[in-house]
Number of protein chains: 2
Amino acid sequence: MEVVKLKEEVRRVMEKARRRSASIGFVPTMGYFHEGHLSLMRIARSRCDFTVVSIFVNPIQFAPGEDLAGYPRDLERDLSLAEKEGVDLVFTPAVEEMHAPDRSTFVEETEISKGLCGKSRPGHFRGVTTVVAKLFNIVGPCLAVFGRKDLQQLAVVRRMVRDLDFPVEILAAPIVREADGLAMSSRNVYLSPEERRRAAGLYRGLEKGARYLALSASSDDLAPIIRNLSREIEEETGGRLEYLTPVDREMIEVEKAGDCRFLAAALRLPSARLIDNVEVPAGEPYA
Amino acid sequence: MEVVKLKEEVRRVMEKARRRSASIGFVPTMGYFHEGHLSLMRIARSRCDFTVVSIFVNPIQFAPGEDLAGYPRDLERDLSLAEKEGVDLVFTPAVEEMHAPDRSTFVEETEISKGLCGKSRPGHFRGVTTVVAKLFNIVGPCLAVFGRKDLQQLAVVRRMVRDLDFPVEILAAPIVREADGLAMSSRNVYLSPEERRRAAGLYRGLEKGARYLALSASSDDLAPIIRNLSREIEEETGGRLEYLTPVDREMIEVEKAGDCRFLAAALRLPSARLIDNVEVPAGEPYA
């Protein structure tokens with residue numbers, strides 16, 4: 001496994017890989033790997049000849065006051081885990097390598113990114129689409145794998161790829177959960193023992209809500225269902241829901257249960273903000 | 001020479017070219033070719049194994065009320081000229097092929113694009129950067145050639161390529177002029193005989209101004225020079241200057257003659273808006 005810090009080095013390695021017609025799979029990450037990240041690497045490896053992972057805590061996707069400085073990092077552990085997964089190249093650029101001080105070009109998605117997390121994290125998705133576009137241009141993958149936990153990010157990236165004609169297939173990987181159902185996230189490390197114990201209430205609530213929505217497919221007023229469910233989740237977890245929203249597959253809020261494909265939520269606990277989503281069991285499976 | 005209308009067909013042709021390791025040169029155009037366009041194709045051909053030209057009147061780079069509907073077109077003549085230049089592939093997409101009705105992702109440069117033409121053409125450069133990003137992703141060139149007449153566009157595209165890490169070298173081609181000095185432009189066809197006769201006064205004024213700026217390298221108040229020159233150009237051409245601006249190589253307005261690399265102008269005549277620029281003869285040549 002090669003580990004490089006410079007874009008130029010990535011390009012050189014990729015050119016060699018392409019010259020031998022290797023198909024290139026890519027997993028962009030912010031590091032501090034858990035099973036979710038590793039599952040993305042396994043998917044990329046199973047589909048492609050050459051697997052690239054980037055580890056970059058991208059400052060421009062953090063809104064002011066967010067956890068940029070404290071974001072958990074452990075590069076040595078990450079590299080050893082990536083190597084065990086058979087990753088071929090890890091790209092670990094410094095901030096200066098990725099963002100010129102006078103940078104002035106951004107990629108912005110203006111519809112899907114507005115609701116849900118976009119409301120409380122101004123500039124977040126613009127930072128995501130900009131850095132993903134850059135990474136695609138540096139790595140040149142034919143496939144990139146994103147986790148379904150960040151479902152709005154996935155929808156925004158897919159829209160970007162469609163609108164800007166990136167020659168990259170986007171694959172959505174299932175959410176990996178802890179034994180009690182809590183979606184794995186690098187930010188779970190922020191939780192106090194008490195918060196951690198109650199955090200799985202978010203998943204249980206979403207699951208219950210999704211089953212209920214599936215049974216209420218003819219309902220065209222979801223507000224009371226959502227209201228009751230919100231109260232339950234907040235009581236179980238001790239947190240405050242930033243949103244609990246029934247959405248279609250592009251993460252646009254829906255009003256009728258029959259149009260609902262996912263139930264998505266963001267929960268604020270004192271030490272962390274958690275997001276999660278579950279599929280409403282109806283219609284074709286999401287892939 | 002192949003002529004295709006679909007992105008998918010471009011990708012198929014380019015994959016074949018890449019498989020035989022051909023270097024790919026690209027000239028994005030809005031068609032209605034004049035010698036300026038043909039010079040770009042010659043440069044691409046001389047530098048690359050495989051030359052691609054796109055012809056696409058991109059609606060999202062026209063501000064409301066601009067000349068989108070009346071923009072001159074002559075596809076048959078364009079194709080015959082491109083063929084004579086030895087172009088390998090011409091991409092002539094329909095609007096629907098390039099822009100989904102629900103498109104929502106844009107590439108935006110936020111500094112260089114704000115002044116000069118950006119002031120009077122809201123959304124213009126966002127439309128340019130978005131479509132150029134798309135075309136780069138569709139064609140996958142290693143080199144793209146842009147004319148220096150659209151000098152701000154060139155600077156914006158270069159900034160975009162740098163900021164988003166497009167693996168594309170941007171080459172600037174010299175302005176091609178008519179015998180009397182008028183910069184060639186597809187829009188010159190809009191000029192009445194009287195306007196056409198006087199239009200070269202723009203170039204003559206810019207040339208004179210550039211020589212004067214080169215001689216005034218120590219001056220740090222350019223306002224009076226610009227004021228006098230403006231009056232002269234407006235008298236000679238019968239037009240109204242939208243701007244006449246001394247700029248650095250990134251098209252940012254400068255205040256001291258010594259920092260000035262180009263003198264750039266936009267001139268409104270009753271039937272057309274003309275842009276032009278000349279290099280201030282000092283320092284290293286612009287390439």
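Visitor: How are residues and chains labelled, and what pLDDT do local features need?
Guide: Residues are numbered from 1 along each chain as its sequence is written, while chains are lettered from A and ligands numbered from 1 in the order in which they are written. In this predicted model, side-chain atom pairs count only at pLDDT 80 or more, totals for chains, interfaces and linings use all residues, and local features need pLDDT of at least 70.

Visitor: How many helices and strands does chain A have?
Guide: Helices (H or I, at least four residues) and strands (E, at least two) are DSSP runs, numbered from the N terminus. Counted in this way, the secondary structure of chain A comes to ten helices and ten strands.

Visitor: Why is chain A described as being as compact as a globular protein of its length?
Guide: The radius of gyration is taken over C-alpha atoms, and the globule rule is 2.2 Å times the number of residues to the power 0.38. For 287 residues that rule gives 19 Å, so chain A is as compact as a globular protein of that length, its own radius of gyration being 19 Å.

Visitor: What percentage of the residues of chain A count as buried?
Guide: A residue is buried if 20 or more other C-beta atoms lie within 10 Å of its own, exposed if 12 or fewer, and partly exposed in between, with C-beta atoms placed from the backbone. Of the 287 residues of chain A, the buried share is 43%.

Visitor: In S5(B), which residue is the bridge partner of Glu108(A)?
Guide: Two strands pair if DSSP finds at least two bridges between them. S5(A) and strand S5 (residues 105-109) of chain B pair in the antiparallel sense over five bridges. The partner of Glu108(A) in S5(B) is Phe106(B).

Visitor: In chain A, which residue has the C-alpha nearest the axis?
Guide: Copies are superposed by least squares on the C-alpha atoms of residues with pLDDT of at least 70 in both. A rotation of 180° with 0.0 Å of shift along its axis superposes chain A on chain B (RMSD 0.0 Å). The two copies are thus related as by a two-fold rotation axis. At 2.3 Å from this axis, the nearest C-alpha in chain A is that of Val107(A).

Visitor: How far apart are the end C-alpha atoms of H6(A)?
Guide: The expected span of a helix is 1.5 Å times one less than its number of residues. For the 16 residues of H6(A) this gives 22 Å, which agrees with the distance between its end C-alpha atoms, 22 Å.

Visitor: How many residues of H7(A) are buried?
Guide: H7(A) has 14 residues, and it is largely enclosed by the rest of the structure. Leu151(A), Met160(A) and Leu164(A) are among its buried residues.

Visitor: Does Tyr32(A) count as buried, partly exposed or exposed?
Guide: Tyr32(A) lies in the loop between strand S2 (24-29) and helix H2 (35-47) of chain A. Its phi is near 55°, a positive value in a residue other than glycine. With 19 C-beta neighbours inside 10 Å, Tyr32(A) counts as partly exposed.

Visitor: What separates the C-alpha atoms of Ala69(A) and Val57(A)?
Guide: Ala69(A) lies in the loop between strand S3 (50-55) and helix H3 (75-84) of chain A, and with 8 C-beta neighbours inside 10 Å it counts as exposed. Val57(A) is twelve residues apart from Ala69(A) along the chain, and their C-alpha atoms are separated by 9.6 Å.
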